[in-house]
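Dear colleague,

Please find below the structure that I am handing over to you. My notes on it follow directly after.

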Amino acid sequence: MVLQQVFGEMALPRPVIVGMQKGIMSWSYRGRPTWKCPMDLAIYGQILWELRPRTVLEFGSNRGGSALWFADQLTAFGVEDFKIYSLDISPVNDLEDSRIVFGFCDVADPAAHIGLADLRALPKPLLVIDDASHMAGHVLAVLRFVDQAMQSGDYLIVEDGSLVELGWADEYDGGPLAALQVFLAERGDDYKVDRNRCDTFGHNVTWNPEGYLKRV
Ligand SMILES: C[S@@+](CC[C@H](N)C(=O)[O-])C[C@H]1O[C@@H](n2cnc3c(N)ncnc32)[C@H](O)[C@@H]1O
């Protein structure tokens, strides 16, 4: 008998997920808190190498650690002409790096803070990451907004669907996985969940289960 896979289910036992979450929240890169799990650092590394994005648009900066890591990876990979835009409701103001632009955006309504023409003008390939509030409505607002600029081959990464397995879904109205289900029902013909990324280390062994979307 083949059991139907539950959307977002991770092939990791819950005590492992809970233990790893503590490690993720205490990990740092170049002295800055950077809330990424080791599997996702590895998966992102491959995407950055293969996609060679000219723009990385990150919603949710925290202290800027992830933006700095993206920039350093791209530099190490010989990508020269790129820019990281890392936006947050509380923008980073203590890190100067010519490769990174930190700025304000409230993901409750991204269109109120980013012009559609500016979004569409971002140099491609484009890598978009939603790692902000994780509220289902906010995630969906980001997905619907950036969808208007995505081109074939671009990546859209929805972080922290793992919060369901952590037992926190109610606090986030279902969180990223609930938003992903709605978005894929609306736009699933033009996006595929990239199983090669999600399942690199086992089924959804990532903090972003079902969260690696590729624009078809
Ligand atoms: C998970 S952290 C980002 C982690 C970071 N990308 C990293 O990997 O280290 C989430 C961030 O989302 C921001 N945030 C929370 N609500 C937000 C909102 N409504 N709009 C934009 N950013 C928000 C928080 O200020 C916080 O910095």
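Does Ala42 count as buried, partly exposed or exposed, and why? Ala42 counts as partly exposed because its relative accessibility is 37%; buried means under 20% relative accessible area, exposed over 50%, and partly exposed in between, with a 1.4 Å probe and protein chains only.

Before I continue, please note that this is a predicted model, in which local features need pLDDT of at least 70 and side-chain atom pairs count only at pLDDT 80 or more, while totals for chains, interfaces and linings use all residues. Residues are numbered from 1 along each chain as its sequence is written, and side-chain values use heavy atoms, with hydrogens and water left out.

Ala42 lies in helix α2 (residues 38–51); helices (H or I, at least four residues) and strands (E, at least two) are DSSP runs, numbered from the N terminus. Between Ala42 and Thr200 there are 9.3 Å in space, C-alpha to C-alpha, although they are 158 residues apart in sequence.

Strand β7 has two partners to consider; strands pair if DSSP finds at least two bridges between them. Strand β6 (residues 126–130) runs parallel to β7 and is joined to it by 4 bridges, with Val128 opposite Leu156. Strand β9 (residues 212–215) pairs with β7 in the antiparallel sense over 3 bridges, and here Tyr155 stands opposite Lys214.

Finally, the ligand is surrounded by 18 residues, each with a heavy atom within 4 Å of it. The closest are Lys36, Gly60, Asp88, Asp106 and Asp131. A ligand oxygen atom is 2.7 Å from an N or O atom in the side chain of Lys36, and a ligand nitrogen atom is 3.0 Å from an N or O atom in the side chain of Ser66.

Yours sincerely

Key: A polar contact is a pair of N or O atoms within 3.5 Å; within protein, one must be able to donate a hydrogen and the other to accept it, and residues adjacent in sequence count only if both atoms are side-chain atoms.
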